[in-house]
Amino acid sequence: MMQTRIVTVIVTIFLFWLLLWGCAKKPVLVPEHAAPDEILFSRAEKLFQEKSYKKAFQAYNDYLVQYPDTDLAPATLMKIGDIYSAIGDYPEAREAYSRLIDKYPGSFIVQEAMVEILSTFFYQGRYNEIIKNAPDVLTKINSRTTLFRAYALLGDAYLQIGSYTDAVSSYTNAYKKSKGLETKNITAKLKQAVRKLDLPDIEYLLKYLDKKNMPRNYLMYQLGLKKIEQRDYEGSVTALTEFVTRFPEDENFYQARILLEKLKNNTVFRHSTIGCLLPLSGSYKIIGEKALRGIELALSVFDSQNS
């Protein structure tokens, strides 16, 4: 009988794990001949999935009162915190997550609770609290998913306060831990942060960023664009040339080649460009206007012959 009970608990915990981190929509299924505590937990799960938060809260709370020392007790506290977060009561959510961390320090979901606390600060717009607390959290977590979420949240916080260099750095760390859809989402955020960088920030990151890190291609392309904005055409050609040479598979490759052709053929960029000053006012106005018409006529002929 004891062996059956242990197997039942293990199966229930495993199914809960799939629900919590596998984005499953269906509630945990209770194994046949489940114990009373498992039946109560499953009922609470069903109510939570139906977003009947008031009834779910009561069921989870009843579970904690009756079964505070079971293997599912930490998960129950986690769900209570999730309910508070879902209804916008973030201080109470933090209290629930903190209780979980303090009362069940050995639970496998403690790391998730730490990251959820950071999430509540983000929902409240308290970005500096994330920046303040994230470094400590990062020293205490080691699972791939929690590290990814923590770095992504830190990047979001930096982005919100306009610290774009730090945002790029955090998103880069999140990218290293990402998989599947996570990679797609964090790449979009990384590009957004890179586009907001100033020229000195881009040059700084290119200098100190590990050359094997993924965002270097975005940084190099953005460097070329920023150089154009500042009319540093030679610098832009250098940056874009390196970009197309090193990153032929990048999505911006063909756009960079088009820009390079335009830069190389641009009369503003050519060293052989000749300019002249014409008097278009005063006593020599008539002479200046005649000279201007002659130049314009010559230019139109030249363009027609070279188009």
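1. A residue is called buried when its relative accessible area is under 20%, exposed when over 50%, and partly exposed in between (1.4 Å probe, protein chains only). By this criterion phenylalanine 41, at a relative accessible area of 1%, is buried. The structure under discussion is a predicted model, in which local features need pLDDT of at least 70 and side-chain atom pairs count only at pLDDT 80 or more, while totals for chains, interfaces and linings use all residues. Residues are numbered from 1 along each chain as its sequence is written, and side-chain values use heavy atoms, with hydrogens and water left out.

2. Overall architecture. The protein chain has 15 helices and zero strands; helices (H or I, at least four residues) and strands (E, at least two) are DSSP runs, numbered from the N terminus. The chain has 307 residues, of which buried residues make up 43%. Among contacts with a separation of 6 or more, 50% join residues 24 or more positions apart, a contact being heavy atoms within 4.5 Å. The chain exposes about 18200 Å², and carbon and sulfur atoms supply 55% of that area; accessible areas come from the Shrake-Rupley method with a 1.4 Å probe, and for residues only the protein chains shown count as cover.

3. Aromatic pairs. Rings of Phe, Tyr and Trp (its six-membered ring) pair if their centres lie within 6.5 Å; planes under 30 degrees apart count as stacked, over 60 as edge-to-face and the rest as tilted. The count by this rule is eleven aromatic pairs. One of them joins phenylalanine 41 and tyrosine 63 edge-to-face, with 5.8 Å from centre to centre and 70 degrees between the planes. This pair links distant parts of the chain, since phenylalanine 41 belongs to helix 2 (residues 36-49) and tyrosine 63 to helix 3 (residues 53-66), 22 residues apart. Tyrosine 63 is buried, at 1% relative accessibility.

4. A further pair involves phenylalanine 57 and tyrosine 84: the ring centres are 5.5 Å apart and the planes stand at 70 degrees, so the pair is edge-to-face. Phenylalanine 57 is in helix 3 and tyrosine 84 in helix 4 (residues 73-86), so parts 27 residues apart in sequence are tied together. Phenylalanine 57 counts as partly exposed at 25% relative accessibility, whereas tyrosine 84 counts as buried at 18%.

5. Aromatic cluster. Phe41, Phe48, Tyr53, Tyr60, Tyr63 and Tyr67 form one aromatic cluster. Phenylalanine 48 also has lysine 79 over its face, at 4.4 Å from the ring centre. A charge sits over a ring if NZ of Lys or CZ of Arg is within 6 Å of the ring centre and within 35 degrees of the ring normal.

6. Nonpolar core. In soluble globular proteins, nonpolar side chains tend to be buried together. A nonpolar core is a set of buried Ala, Val, Leu, Ile, Met, Phe, Trp, Tyr and Cys residues joined through side-chain atoms within 4.5 Å. The largest such core has 79 residues, of which Tyr60, Ile141 and Leu219 touch the most other members. Helix 8 (residues 144-161) gives the most to this core, with ten residues. Leaving aside residues up to four places away in sequence, leucine 219 touches Val194, Leu197, Ile202, Leu205, Leu206 and Leu209.

7. Salt bridges. The structure holds 13 salt bridges, each a side-chain nitrogen of Lys or Arg within 4 Å of a carboxyl oxygen of Asp or Glu. Glutamate 182 and arginine 144 form one, with the closest N and O atoms 2.7 Å apart. Glutamate 182 in helix 10 (residues 181-195) and arginine 144 in helix 8 are 38 residues apart, and the pair links distant parts of the chain. Arginine 144 is partly exposed, at 28%.

8. Lysine 191 forms a salt bridge with glutamate 251, the closest N and O atoms being 2.5 Å apart. Lysine 191 lies in helix 10 and glutamate 251 in the loop between helix 13 (233-246) and helix 14 (253-265), 60 residues apart. Lysine 191 counts as buried at 18% relative accessibility, and glutamate 251 as exposed at 56%.

9. Positive phi values. Most residues other than glycine have a negative phi. Lysine 51 has a positive phi, near 60 degrees; its place is in the loop between helix 2 and helix 3, and it is exposed at 60% relative accessibility. Arginine 231 likewise has a positive phi near 60 degrees; this residue is in the loop between helix 12 (216-229) and helix 13, and is exposed at 62%.
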